[in-house]
Amino acid sequence: MNQSINQIKDSLLAGQPIVQIVSFEEKRIEGFLKKLCQQTLKTLNIYTWESHNGLSRNDSMIPDSKEPAVALDIALAANEAAFFVFKDLNSRLRHSPGLIRKIRECYLHFKNSKKFLFLLSPDDYLPTTLKKEIDIINFELPDYEELENLCAKFLESMEKAGIQVQLSGEEKRNFVTAVQGLTLDEAYKAYMKSFQGQQRIHIGLIEKIHLEKKQLILKENVLEFLSPALTLADMGGLDKLKDWLMKRKKAFSKEAREFGLDKPKGILTMGVTGCGKSLASKIIATLWNLPLFRMDMNLVYSGIAGAPEEVFARSLKTMDSVAPAVLWIDEIESGISDKQTDGSSSRILGYFLTWMQEHTSEIFIAATANRIDLLPAELLRRGRFDQIFFIDLPTRKEREEIFTIHLTKRDNDLSQYNIPQLAQITKNWSGSEIEQVIISGMYEAFAENRKLNEDDLFVIFGNSVPLATTMEEQIKKVRSWAHNRAVRASTDKEY
Ligand SMILES: Nc1ncnc2c1ncn2[C@@H]1O[C@H](COP(=O)(O)OP(=O)(O)OP(=O)(O)O)[C@@H](O)[C@H]1O
Ligand SMILES: [Mg+2]
């Protein structure tokens, strides 16, 4: 059963005659209110007021009732058990003490009768003078069950139309999870768009649903939607991190909740530059089949989109609405740090901590940090992130994997390379540096109209010094910091 409906019921049972329901989904809520009316009043008697039509009773119009004051008078005078549902009334309350007065009268009159007033609106505006009399309920977006029903109906109608549905049970569930965070209308449209004109329904169509979500996010300009492109196979080494992520593949599923698991909150990866922190964040989304959004903290602070703390808060709300999803906050220390002195960053930190603690949406945070010493202790406290991973320079075995990945990615024939030897001589090189060497070598080869060979790589290695050598001290510091505070992302230790 939908939580919000239970909340409304509780309000009515507690003798609360006026409830404000905040939602964009009028049709869906009217459906719920009909059922609730039957249950509480044992009869269906619903008056609905809309600014352009006025009042109607069980769908038949009452003439001359467009003026809200008139409609409220009719409600006051009605001598029967009824639900009065007023749409779009809130915005009129801003400048109308007369209407506010009328609503207070309703409160007094309805209190011991079987009459109930519902104010429906997409925002939660309410004059302060009415806050005591009215319960505000933020109506939840459709839950898993509602969406599952919708999806099942869609698939059934496809099958009836002779279209093959080739989805396993798990894939069906993926289709349901994919529309979580959308309104029922939006979910309906997303299914329409991805199923329409198809000969058969298969898991690949889920992409279109992710694109729908992307449209929603684009309205928010500090968030960027990233198409899933990388998989686990693109990341060399880091076995412990991979294992952690694999085990949580179904972390946001209904089964996980039923099994008694809390939904995961997020991970923080920290460590040496160029070793795969950003890469890992991108991979989570593909692996878990969730859309990926990146929050650009520099844009948040730029002021382009408004006051930083407001923009930040609004973006997190937007994320709540597109859940389940992965929110990637790269180099979190540049945005959320207590070392900056201006007020907005400490307010942002405060907001973020509260949100981390309290949000109920299925948003997984993938945060990365280079300068972990800049991060406030509160953020690192146990229980904020599910795990803090330390990504060190790749070990010898890991470098072998990284060579293999990047050489094959660029169509080089592996049999032409002594991978173990390459790994041996690149001690202290980061994944990103190894990749860059392969790219530079390929430019050399390309200029000479031939394939890349091992000698190209050796020459470059001989002429360059990896960052880790020049930054030895810093790396030592990071390692010792990480020693007690983070989990190494790899089990292997042989550099
Ligand atoms: N373990 C790895 N396996 C495969 N490729 C890697 C690995 N680590 C780094 N790379 C390559 O290096 C690139 C840069 O790595 P990435 O951006 O993830 O590093 P980072 O840890 O986020 O560094 P920075 O601190 O500079 O942001 C990746 O896109 C990838 O191509
Ligand atoms: Mg990075």
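**View 1. Make-up of the shell around ligand 1.** In this predicted model, the residues that form the shell around ligand 1 divide into four nonpolar, nine polar and four charged. There are 17 residues around the ligand, and those that come nearest are Thr273, Gly274, Ser278, Asn370 and Glu435.

**View 2. Polar contacts of ligand 1.** Ser278, one of the residues that come nearest, places a polar side-chain atom 2.7 Å from an oxygen atom of ligand 1, while a backbone N or O atom of Leu279 lies 2.9 Å from an oxygen atom of the ligand. Ligand 1 taken alone exposes 630 Å², of which the protein buries 83%.

View 3. Ligand 1 takes up the space of the second largest pocket, and the elements that give two or more residues to its shell are helix H12 (277–288), helix H17 (396–409) and helix H19 (431–447).

View 4. Because domain 3 (266–385) and domain 4 (396–427 + 431–465) both give residues to the shell, ligand 1 lies between them.

Definitions and conventions:
Residues numbered from 1 in each chain as written. Chains lettered and ligands numbered in written order. Predicted model: local features only at pLDDT ≥ 70, side-chain atom pairs only at ≥ 80, totals over all residues. Heavy atoms only, no water. Near = heavy atom within 4 Å. Polar contact = N/O pair within 3.5 Å; in protein donor to acceptor, adjacent residues only side chain to side chain. Areas by Shrake-Rupley, 256 points an atom, 1.4 Å probe, with all protein chains shown as cover. 1 Å grid on protein atoms, 1.4 Å probe; cavity = no way out; pocket = protein on both sides within 12 Å on 5 of 7 lines; lining within 4 Å. Sits in = over half its atoms within 2 Å of the grid points. Helix = DSSP H or I, 4+ residues; strand = E, 2+ residues; numbered from the N terminus. Nonpolar A, V, L, I, M, F, W, Y, C, P; charged D, E, K, R; others polar. Domains from an automatic or database assignment.
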